[in-house]
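Please keep the sequence and the three-dimensional view at hand while reading.

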Amino acid sequence: MQTFVRRLPSSWQWALYSSRSSRTSPKCLVSCSGRRAASAAAAVAKSPPVEYEPPTYPTYQLSEKDVQRLNFQRNIGVSAHIDSGKTTLTERVLFYTGRIREIHEVRGRDAVGAKMDSMELEREKGITIQSAATFCDWEATSPVTNEKQKYAINIIDTPGHVDFTIEVERALRVLDGAILVLCAVSGVQSQTTTVDRQMRRYNVPRISFINKMDRPGANPWRVINQIRSKLKIAAAAVQVPIGVEDELKGVVDLVRWKAIYNEGEKGINVVESDDIPESVLDLAKAKRTELLEQLAEVDDEIGELLIMDETPTTAQLVAAIRRATVGLKFSPVFLGSAIKNTAVQPMLDGVCAYLANPAEGTVTAHDTTQPASAPPVPLVPASDAPLVGLAFKLEEGRFGQLTYMRVYQGTLKKSGIIYNARTGKKVKVPRLVRMHSNEMEDIESIGPGEICAIFGVECSSGDTFTDGSTSFSMTSMFVPEPVISLAIKPEGKETPNFSRALNRFQKEDPTFRVHLDKESKETIISGMGELHLEIYVERMRREYNVACTTGKPRVAFRETITQRAEFNHTHKKQTGGAGQFARVIGYIEPMEYSEDLGRDVDFVNVVMGGNVPTNFIPAVEKGFYEALEKGSLSGNPITGCCFVLKDGAFHAVDSSELAFRNATIGAFREAYKNTKPVILEPIMTVEVVAPSEFQSAVIGGLNQRRGTIIDSEVRDEEFVCIAEVALNDMFGYSSQLRGATQGKGEFTMEYKNHMPVLPNVQKELEEAYRKTMPQAKK
């Protein structure tokens, strides 16, 4: 502790000193506080200010073995908009690398489904719900030497729906590169823009693959222009298609200047030819020139060669593409058709040639013993360095919790002891595996730059693990806030499986939230969209045998009074023994929110002369707050009310706390009818961000929901609209906004205040509440 204090600034030393002295006994503080404060102040004044010096950390060099292994290691993700062909492409990659023996389609007739869609729901719906990890080995052809070199590739296939955006988020957090898949017909779509934003957030270099080149209307050049204009990144094709649409036969490699064809069963044989077909020769020359021009804008070496009218060599061109791609300035564009087994292998060669290896990315951690403002500590993927790994995904497996981990530094060994940096707990690694979708392969140890999974380790998503010799912690991934909520309840009797399922899903998915509404007593689930919640409800039914019904959650309405009303109420009840008697006199009146009290309800006692004994006053106050819990209009809590007790009467024998409490409740309800009460609804401040061309559609949609437009601002290519809308009118807005803006709009909501509902809405709410009341009370 002493060495730590020496490093702190003087102001921090004083704070630490003060906190220590505050633990002294009170008696000592009274006698010595003045003297101690004076001496401490003098000591601080005399000592020179000590500047904060960041500690030095040992540096680790990569061994030759590390360099050799990391140079031939790639960690990539496959990301794209819905139905662009991510899972179909991954299926081909696994087939060509020998990981699977036969190809199964996403919605194939054999009803087997793609390897990476291991969940039954995924195969039924034909969509990816959870990201799936696998690994494979690929003998890539070097674009410079044309020699075969063996690479180890970890692949994560991610969902395309915005509802499962956390799966993409946490995959990109731990990857060194990505394949951005685009449809040759649809081009850049809404989720493509979202994925692009996520790649930029984590500085992930990408190659682009324009899929579905066999479809009618395929136009890769329009898609490349969209990448440049909409995603704002320099891009150029490194291939030209031989044939178009259903005539697609292969591609021309513009870097190596070779024609590449797929032959044999399912395109397993790659045939290369130096003869470029006449039909595409002119196009290929034009596109190679365009490739050089695009590279010249982002790479100085190519720029200088073009200025000197020199033609770059293949080695210079490959080095420039790799430099610009790893530097996040450029994206080489590959073309092909996964479903037709065309040009997938050249794209794999591009992954190995142009994407970063684990040693090329800048990875940092924070030392938890240092202040938050301390500079980050760089991590080195050396196998002999202290272990640092990040748990990025949790899954409930057959053998307990399965934790996916990326090892950034050091070596993780089976049966080794690791420490959770967040909790400080030490745990043993009972089982270490590499994942192949839902299959596992046991391993003894795993080195830096690898992705693995461990069993039996309790942790949360985003936790950092070390070997205990360091106090490093890595930043977690960005978790977006939920945008939609539903009330959920089990059909029939509630079983332990209901809460077990909700707890598990909450732990696995940070965007899935569960809370109990205190007022409606309903279980509310929140998520990223209606499909997101629908999938979880369906999974509860299938995996936990808990069928649930969902409904719109009850909005937190309130009631309030609008004018003053007097009361003079006597509560009398005579039974076989001692009776009940109490009388209260006073008034209730509207009340504004009080900053001093921190609330908008209050009880004031102004009784003079002891007509209500002081020991019964708390019972009156308790009765008032009990009456506020349920208003008589809609059964919602009452706010904005002040209860003033002026007078009353009591009986020496029959008066009791219960009698005064009941008298107060009766008096309040009697006076409440004369205050012209109204129902209040929560008003939300809604901020919508969407492209400028959808401005009228968005404003029209908010007006339909009785929204009041507060502010509207047009930026570069998007506009921001701020409106105040009743929460009751916001249900279903998420889907409507996506429909109106082609999925490009997003919105946030924040509670502002409660305002009176429209008279017709109040009438409907009163009628609905009256129907739920017992017949005797109506």
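Helix 11 (residues 300–307) and helix 12 (residues 314–326) pack with their axes 9 Å apart, at an angle of about 140 degrees. Helix 11 is therefore oblique to helix 12. The model described here is a predicted one.

**Helix pairs**

- In general, the packing of two helices is described by the angle between their axes and by the distance between those axes.
- Where helix 11 meets helix 12, E301, I302 and L305 come from helix 11, while Q316, L317, A320 and R323 come from helix 12.
- Sorted by class, the residues in the contact of helix 11 with helix 12 are 4 nonpolar, 1 polar and 2 charged.
- A second pair consists of helix 5 (residues 86–96) and helix 13 (residues 344–354), whose axes lie 10 Å apart and form an angle of about 85 degrees.
- Angles of 65 to 115 degrees count as roughly perpendicular, and helix 5 and helix 13 are therefore roughly perpendicular to each other.
- Helix 5 brings L89, R92, V93 and Y96 to this contact, and helix 13 brings V344, Q345, M347 and L348.
- The contact of helix 5 with helix 13 has 6 nonpolar residues, 1 polar residue and 1 charged residue.

- An open sheet is formed by 7 strands in the order 2-3-1-4-5-11-6, and its pairing is mixed.
- Strand 2 (132–141) and strand 6 (234–237) stand at the edges with a single partner strand each, so one side of each has no neighbour in the sheet.
- With direction ignored, neighbouring strands of this sheet are turned by 30 degrees against each other on average.
- Strand 2 pairs with strand 3 (residues 148–157) in the antiparallel sense, over 10 bridges.
- W138 has Y151 of strand 3 opposite to it.

- Strand 31 (residues 580–590) and strand 34 (residues 641–649) are paired in the antiparallel sense over 8 bridges.
- Opposite R583 stands A649 in strand 34.

**A covered strand**

- Strand 22 (residues 451–455) is mostly covered, with 5 of its 5 residues buried.
- In a regular strand, side chains alternate between the two faces of the sheet.
- Both faces of strand 22 are covered: one side carries I451, A453 and F455, the other carries C452 and I454, and all are buried.
- Strand 15 (residues 400–409) runs antiparallel to strand 22 and is joined to it by 5 bridges.
- T403 has I454 in strand 22 as its bridge partner.
- Strand 19 (residues 431–436) also runs antiparallel to strand 22, with 3 bridges joining the two.
- R431 stands opposite F455 of strand 22.

**A buried residue**

- A726 belongs to strand 37 (residues 718–726).
- The relative accessibility of A726 is 4%; since buried means under 20%, A726 counts as buried.
- Leaving aside residues up to four places away in sequence, A726 touches E681, P682, I683 and R706.
- A726 and M755 are 29 residues apart in sequence, and their C-alpha atoms are 8.7 Å apart in space.

**The chain as a whole**

- The protein chain contains 20 helices and 38 strands.
- Of the 778 residues in the protein chain, 50% are buried.
- Among contacts in the protein chain with a separation of 6 or more, 71% are between residues 24 or more positions apart.
- The protein chain exposes about 37100 Å², of which carbon and sulfur atoms supply 50%.

Conventions
Residues numbered from 1 in each chain as written. Predicted model: local features only at pLDDT ≥ 70, side-chain atom pairs only at ≥ 80, totals over all residues. Heavy atoms only, no water. Axes fitted to C-alpha atoms, helices over the stretch in contact; angles between N-to-C directions. Helix = DSSP H or I, 4+ residues; strand = E, 2+ residues; numbered from the N terminus. Parallel < 35°, antiparallel > 145°, perpendicular 65-115°, else oblique. Contact = heavy atoms within 4.5 Å. Nonpolar A, V, L, I, M, F, W, Y, C, P; charged D, E, K, R; others polar. Pairing = 2+ DSSP bridges. Buried < 20%, exposed > 50% of the residue type's maximum accessible area, 1.4 Å probe, protein only. Areas by Shrake-Rupley, 256 points an atom, 1.4 Å probe, with all protein chains shown as cover.
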